[in-house]
2 protein chains.
Amino acid sequence: MLLDQEVNLDLLPHLLGYNLRCAQLALQRQLARVTPGGDPGSGIFGLLVLCCANPGISQIQVSRHLTIDKASVVALVDRAEGAGWLQRQRATTDRRRHGLFITPSGVDHLESLKQGMRTCEQAFDGLFDPAERDQLIHLLQRIRP
Amino acid sequence: MLLDQEVNLDLLPHLLGYNLRCAQLALQRQLARVTPGGDPGSGIFGLLVLCCANPGISQIQVSRHLTIDKASVVALVDRAEGAGWLQRQRATTDRRRHGLFITPSGVDHLESLKQGMRTCEQAFDGLFDPAERDQLIHLLQRIRP
DNA sequence: TATTGTTATACTCTATAACTATA
DNA sequence: TATAGTTATAGAGTATAACAATA
């Protein structure tokens, strides 16, 4: 019987994609651990961050900056609006646009999500010294659509 | 109206999670571009790599090394078996186990997936010199469950 | 004509819980 | 009791295509 230690991973450990996936799964699970019942996939988190830092931002801009399709943003905004964390408001200058505005309860929720996110990232801080963490972020930032 | 250049990303660019997610989405889309009709999420790829390098590997071992639940492996193996890329075979020594064996057509398919994967990763090679790519991989490898 | 948002639809990925067969 | 695999179910995440309203 093949022991776990003897499993041959072949080229997987040398692939960017495999390592990115493993790392992201680990991070997501850690986040789920420290924020039980919180934001599972961090979609809401990104949305609220953008709406808080950019009041009146449009859905198409959220779509661009979270690099997901505009149709995917609709469901995200629906959920957040349903939870009372933000409001759509038809823009007066360009009536095709919905400006997105975070609500007071959305600000509260965002704060707790940010706290969870900090705790989550801290769990991995021991893995890197500050220079390494910076370099990891900078290297990752080069990989874009 | 808020211009795209003026969107404030707040803390997002400083988060490991956000950068991992953006990088992984970019990689997945590049893979979809170079292997149209290929393996969308690379689940099948990992499975076939493991079965090819470790004939008779069990589903629970695949589960551990791809860091997904054993129940999730079932669907993956179902698809691969349905496509004729591998076969389950009840182990004689431990009859609870299914040994997984890649088929000749699975080997062919894996080769084409590997080629696509190489092409995909090459598209990002220009972003890093070899030392940087190594370091990125090594830093990512520290982030594990 | 092009853009913004929406709806409808579908597929992938993953998880949990409860089950069967085997150890 | 514990492990390997399965089934059933559910939810998140994403995409494409077609559409209405607006620019």
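## Close-up views of a predicted two-chain model

**View 1. The sheet of chain B.** In chain B, three strands make an open sheet in the order S1-S3-S2, with antiparallel pairing (strands pair if DSSP finds at least two bridges between them; strands, E, of at least two residues and helices, H or I, of at least four are DSSP runs, numbered from the N terminus). S1 and S2 of chain B are at the edges with a single partner strand each, so one side of each has no neighbour in the sheet. This is a predicted model, in which local features need pLDDT of at least 70 and side-chain atom pairs count only at pLDDT 80 or more, while totals for chains, interfaces and linings use all residues. Residues are numbered from 1 along each chain as its sequence is written, chains are lettered from A and ligands numbered from 1 in the order in which they are written, and side-chain values use heavy atoms, with hydrogens and water left out.

**View 2. Strand partners in chain B.** Strand S1 (residues 57-58) and strand S3 (residues 98-102) of chain B run antiparallel and are joined by two bridges. Here, B:Ile57 has B:Leu100 of S3(B) as its bridge partner. Strand S2 (residues 86-90) of chain B pairs with S3(B) over five bridges, also in the antiparallel sense. Look for B:Gln87 opposite B:Phe101 of S3(B), and for B:Arg90, whose bridge partner in S3(B) is B:His98. As a reminder, strands of a sheet pair through backbone hydrogen bonds.

**View 3. Helices on the sheet of chain B.** H2(B) lies across S1, S2 and S3 of chain B and runs at about 95 degrees to S3(B) (axes are lines fitted to C-alpha atoms, for helices over the stretch in contact, and angles run from 0 to 180 degrees between N-to-C directions). Helix H4 (residues 70-82) of chain B lies across S2 and S3 of chain B, at about 115 degrees to S2(B).

**View 4. The sheet of chain A.** Chain A has an open sheet of three strands in the order S1-S3-S2, with antiparallel pairing. Strand S1 (57-58) and strand S2 (86-90) of chain A stand at the edges; each has a single partner strand, so one side of each lacks a neighbour in the sheet. Five bridges link S2(A) to strand S3 (residues 98-102) of chain A in the antiparallel sense, and A:Arg88 has A:Leu100 of S3(A) as its bridge partner. Helix H2 (residues 43-53) of chain A packs on this sheet, touching S1, S2 and S3 of chain A, and its direction makes about 95 degrees with that of S3(A).

**View 5. Where the two chains meet.** In this view, 60 residues of chain B are in contact with 60 residues of chain A (contact means heavy atoms within 4.5 Å). The area buried between chain B and chain A is about 6100 Å², with carbon and sulfur atoms giving 61% (buried area is the accessible area, with a 1.4 Å probe, that two parts lose on being put together, summed over both). In chain B, B:Leu16, B:His65 and B:Arg142 lose the most area to chain A, together 10% of what that side buries.

**View 6. A salt bridge between the chains.** The side chains of A:Glu132 and B:Arg142 meet in a salt bridge (2.9 Å, N to O). Between chain B and chain A the count is four salt bridges (a side-chain nitrogen of Lys or Arg within 4 Å of a carboxyl oxygen of Asp or Glu).
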